[in-house]
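Here is a short tour of one protein chain, with an eye on what is packed inside. Have a look at the model before reading on.

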Amino acid sequence: MPQPLLPSRWEFNPDRWPDDDCVAVGADLAPSTLIAAYSAGAFPMPVDDVAPMVWWSPQRRGVLRLDDLRVSRSLRRSVGHYEIRIDTAFDAVIEGCADPRRQGAWINHAILDAYRELYEVGWAHSIETWTSGGELAGGLYGVAIGGLFAGESMFYRQRDASKVALVGLVELLRDEDAGRRLIDVQWRTPHLATLGVTEMSRDDYLSRLPALVNDVPPPEPWR
């Protein structure tokens, strides 16, 4: 179970946010601040290594409802080639996601340190795909709050490994309450759209968020 956190000294108030994807600049990346931000509908993503942290709440939010996941025939075959593990290699997953050689790489040292700390207190998690030979093939990491899983980034080193991690996450969250859960992917990309990711307006997302973050989490899959 995640450790209880003291209240953040920073306030994330959607009533004050502009009509823009970027909603705030500054604050810190303490665990309490990150959980307060996610619970209000914001997440951090730096613009560069020297500027203050930038916080985002997209006008059009990319989301994946568990029943909307699309698993193609080829992806279904790939699922059988990997083993899914949870929280056994968080550092390796986030470092794989942060690889500066990746197109659009954005995870800097501040983000790495912050989410490692969030993992240590039980709020951040990794879903990993492993080969039969014991090699990490890919994975994703994110933040779990109640019925919400906020996906941060994913990577792969072998074919379909990141997609298989997403399939594993959906299966992990499935039970009789699955319809009350949601995976937040920040923005819908053409790649994510092929997996069933749709868009939700910011107003709609924020209206659903309190029930999500205060909902009963899935049967404890983490560590």
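## About the model

This is a predicted model, in which local features need pLDDT of at least 70 and side-chain atom pairs count only at pLDDT 80 or more, while totals for chains, interfaces and linings use all residues. Residues are numbered from 1 along each chain as its sequence is written, and side-chain values use heavy atoms, leaving out hydrogens and water.

## Helix 1

Buried here means under 20% relative accessible area, exposed over 50%, and partly exposed in between (1.4 Å probe, protein chains only). Helices (H or I, at least four residues) and strands (E, at least two) are DSSP runs, numbered from the N terminus.

Among the buried residues of helix 1 are Pro 31, Leu 34, Ile 35 and Tyr 38. The partners they pack against include helix 4 (109-120), strand 7 (136-145) and helix 7 (202-213). After helix 1 comes Gly 41, with a positive phi near 105°.

## The cores

A nonpolar core is a set of buried Ala, Val, Leu, Ile, Met, Phe, Trp, Tyr and Cys residues joined through side-chain atoms within 4.5 Å. The largest one has 49 residues, and Tyr 115, Leu 118 and Tyr 141 have the most contacts inside it. Helix 4 gives the most to this core, six residues. Apart from it lies another core of 25 residues, including Leu 75 and Ile 183.

Notes: Contact means heavy atoms within 4.5 Å.
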